[in-house]
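Please work through the exercises below with the sequence and the model side by side, trying each task before reading its solution.

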Amino acid sequence: HINGISDEILAEIRRSRFLVADYTLMNNGVYFEAGVAVGLGIPLIATCRADYLEKLHFDIKHINTLKWETPEQLAHDLAKRIAGVIGDGPLPLPET
């Protein structure tokens, strides 16, 4: 593509059925992308590693955030959350 990376990210968000935002490292780009999705009415699934949960910005602390401790737990719980939010039936769960 010849667009800027931000243009491509915004285009992908517009095409998405939902967006997963992991706030663990409090990356400003994640906050921006999640805000765009919310503004467009795209379902947002927020996640955060347990040891960062208390560091979340006050503006998003009220959001139902999937807390995780290991990548395996995140994959398992995220698959269940996506299936519940999107409603297309269960997704295959990763091996544990």
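This is a predicted model: local features need pLDDT of at least 70, side-chain atom pairs count only at pLDDT 80 or more; totals for chains, interfaces and linings use all residues.

Residues are numbered from 1 along each chain as its sequence is written, and side-chain values use heavy atoms, with hydrogens and water left out.

**Exercise 1.** Determine where Thr-65 lies and whether Thr-65 is buried or exposed.

*Solution.* Begin with the secondary structure, where strands are DSSP runs of E with at least two residues and helices are runs of H or I with at least four, numbered from the N terminus: Thr-65 belongs to strand β3, residues 65-68. Next, take its relative accessibility of 17%, which means that Thr-65 counts as buried, the term standing for under 20% relative accessible area with a 1.4 Å probe and protein chains only. Finally, with neighbours within four places in sequence left aside, Thr-65 is in contact with Ala-46, Thr-47, Cys-48, Leu-53 and Leu-56, contact being heavy atoms within 4.5 Å.

**Exercise 2.** Identify the buried residues of helix α1 and what they pack against.

*Solution.* Within α1 (residues 5-15), Glu-8, Leu-10, Ala-11 and Ile-13 are buried. The buried residues of this helix pack against β1 (19-22) and α2 (28-39).

**Exercise 3.** Find which members of the largest nonpolar core touch the most other members.

*Solution.* A nonpolar core is a set of buried Ala, Val, Leu, Ile, Met, Phe, Trp, Tyr and Cys residues joined through side-chain atoms within 4.5 Å. Of the 15 residues in the largest one, those touching the most other members are Ile-13, Leu-19, Ala-21, Tyr-23, Ala-34, Ala-37 and Leu-56. The largest share of this core, 4 residues, is supplied by α2.

How values were computed. Buried means under 20% relative accessible area, exposed over 50%, partly exposed in between (1.4 Å probe, protein chains only).
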